[in-house]
Amino acid sequence: MNTLIFFLRDTPIWILVLCILAENVFILVGAVLVGEGLARLYASHRVTEAAAPLTSLEIMLASTTVLLNSLVTLGGLFLWRADFIHFRMDSGWAVLLDFLVLVLVMDVAMYVLHRLAHVPLFFKMVHRTHHLYDNPRPLTLFVMNPVEALSFGLLWLTLLCIYDATWVGMSLYLVSNVAFGLIGHIGVEPFPERWKTTPILKYISTSSFHAGHHQDGDHNFGFYTLIWDRVFGTL
Ligand SMILES: [Zn+2]
Ligand SMILES: [Zn+2]
């Protein structure tokens with residue numbers, strides 16, 4: 001961990017920019033490959049129609065998201081170097097607690113943002129782009145209006161400025177964020193039906209949950225959990 005910290009602190013920015021870009025491209029390619037693999041593996045459990053043929057607009061929007069995510073990562077690096085963002089080195093239970101805090105805070109904040117994104121004016125201006133692809137494919141996770149990509153990134157950086165997370169907790173959250181986003185856009189349901197009635201598990205977002213949002217934009221606004229949709233009657 002210390003080696004990574006020294007690397008992030010002492011390496012010239014231009015090298016870090018290249019590393020950050022490579023990291024974000026790797027995340028997109030890795031997510032799409034895993035997602036396509038899952039879609040094939042669970043082909044008999046489809047929850048949406050198959051996606052329409054890939055368009056150049058989708059590729060352009062996904063590439064823009066990768067660039068903006070890289071910009072947000074770079075912003076986070078600058079904020080950390082300038083002492084606005086601090087990380088803790090704790091391990092054990094502190095990491096688990098930290099991970100839960102990050103997931104739950106981002107979950108409620110993104111629920112609110114997502115509800116706002118469906119206000120007709122904002123929907124037309126911003127969120128409609130993502131909903132053009134209501135029969136999603138794994139790449140759809142990255143297909144959104146640039147304003148939306150930046151909003152999520154800024155929300156995340158704001159939380160990191162306010163809350164001193166552990167390195168491990170933050171990393172776990174970031175991996176889970178991609179995993180949840182991906183599951184919501186693979187068009188098949190890899191989780192067993194009984195999850196919907198199992199305590200705790202029934203509050204966790206699944207593929208059919210987000211697919212449901214793509215079919216009916218007035219419901220299922222949550223990202224990681226169903227908690228806020230249950231609380232606010234939008235499930
Ligand atoms: Zn979606
Ligand atoms: Zn939406």
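Student: Where is the place of Asn-220?

Tutor: Asn-220 sits in the loop between H8 and helix H9, which covers residues 227-231. Keep in mind that we are looking at a predicted model.

Student: Why is Asn-220 called buried?

Tutor: Let's set its value against the cut-off. A residue is buried if 20 or more other C-beta atoms lie within 10 Å of its own. Asn-220 has 21 other C-beta atoms within 10 Å, and therefore it is buried.

Student: What makes the phi of Asn-220 worth a comment, given that Asn-220 is not a glycine?

Tutor: Most residues other than glycine have a negative phi. Asn-220 is not a glycine, yet its phi is positive, at about 60 degrees. Ile-200 is another such residue, with a positive phi of about 70 degrees although it is not a glycine. You will find Ile-200 in the loop between helix H7 (167-183) and H8.

Student: How do you know whether Ile-200 is buried or exposed?

Tutor: We count again. For Ile-200 the count is 7, so Ile-200 is exposed.

Student: And Val-178, why does it count as partly exposed?

Tutor: Partly exposed lies in between the two limits, 20 or more for buried and 12 or fewer for exposed. Val-178 has 16 C-beta neighbours inside 10 Å, so it counts as partly exposed. This residue is in helix H7. Leaving out neighbours within four places in sequence, Val-178 is in contact with Ile-27 and Ala-31.

Student: What tells us how Leu-139 counts?

Tutor: Leu-139 has 22 C-beta neighbours inside 10 Å, and so it counts as buried. Its place is the loop between H5 and H6. Apart from neighbours within four places in sequence, Leu-139 is in contact with Val-32, Glu-58 and Ala-62.

Student: Why is H8 described as largely enclosed by the rest of the structure?

Tutor: Seven of the nine residues of H8 are buried, so the helix is largely enclosed by the rest of the structure. Those buried residues are Ser-207, Ser-208, Phe-209, His-210, Ala-211, His-213 and His-214. Helix H5 (120-131) and H7 are among what covers them.

Student: How do you know that Phe-209 is buried?

Tutor: It has 23 other C-beta atoms within 10 Å. The cut-off is 20 or more, so Phe-209 is buried. Phe-209 is in contact with Asn-220 and Leu-226, leaving aside neighbours within four places in sequence. So our opening residue comes back here, since a contact is a pair of C-beta atoms within 7 Å. Phe-209 and Ile-183 are 26 residues apart along the chain, and their C-alpha atoms are separated by 9.8 Å.

Student: Which residues of H4 meet residues of H6?

Tutor: Val-105, Met-106, Ala-109 and Leu-113 in H4 meet Ser-151, Leu-155 and Leu-159 in H6. The residues of this contact divide into six nonpolar, one polar and no charged. The axes of H4 (residues 93-117) and H6 (residues 146-162) come within 11 Å and cross at roughly 145 degrees. The crossing is right-handed.

Student: Which residues touch the most other members of the largest nonpolar core?

Tutor: This core has 30 residues, and Leu-102, Leu-141, Val-143, Leu-182 and Ile-186 touch the most other members. Two or more residues come from each of helix H2 (13-41), helix H3 (56-81), H4, H6 and H7. H7 gives the largest share, five residues. Not counting residues up to four places away in sequence, Ile-186 touches Gly-35, Leu-38, Ala-39, Pro-138 and Ser-207.

Student: Let's step back. How many helices and strands has the chain?

Tutor: The chain has nine helices and two strands. Along the sequence they follow the pattern α-α-α-β-α-α-α-β-α-α-α.

Student: What makes the chain as compact as a globular protein of that length?

Tutor: We compare two values. The radius of gyration is 18 Å, and the globule rule gives 18 Å for 235 residues, so the chain is as compact as a globular protein of that length. Its C-alpha trace spans about 50 × 45 × 40 Å along the principal axes. Buried residues make up 29% of the 235 residues.

Technical notes. Residues are numbered from 1 along each chain as its sequence is written. Chains are lettered from A and ligands numbered from 1 in the order in which they are written. This is a predicted model: local features need pLDDT of at least 70, side-chain atom pairs count only at pLDDT 80 or more; totals for chains, interfaces and linings use all residues. Axes are lines fitted to C-alpha atoms, for helices over the stretch in contact, and angles run from 0 to 180 degrees between N-to-C directions. Helices (H or I, at least four residues) and strands (E, at least two) are DSSP runs, numbered from the N terminus. A crossing is left-handed if the near helix is turned anticlockwise from the far one by less than a right angle, and right-handed if clockwise. Two residues are in contact if their C-beta atoms, placed from the backbone, lie within 7 Å. Ala, Val, Leu, Ile, Met, Phe, Trp, Tyr, Cys and Pro count as nonpolar, Asp, Glu, Lys and Arg as charged, and the others, Gly among them, as polar. The radius of gyration is taken over C-alpha atoms; the globule rule is 2.2 Å times the number of residues to the power 0.38. A nonpolar core is a set of buried Ala, Val, Leu, Ile, Met, Phe, Trp, Tyr and Cys residues joined through C-beta atoms within 7 Å.
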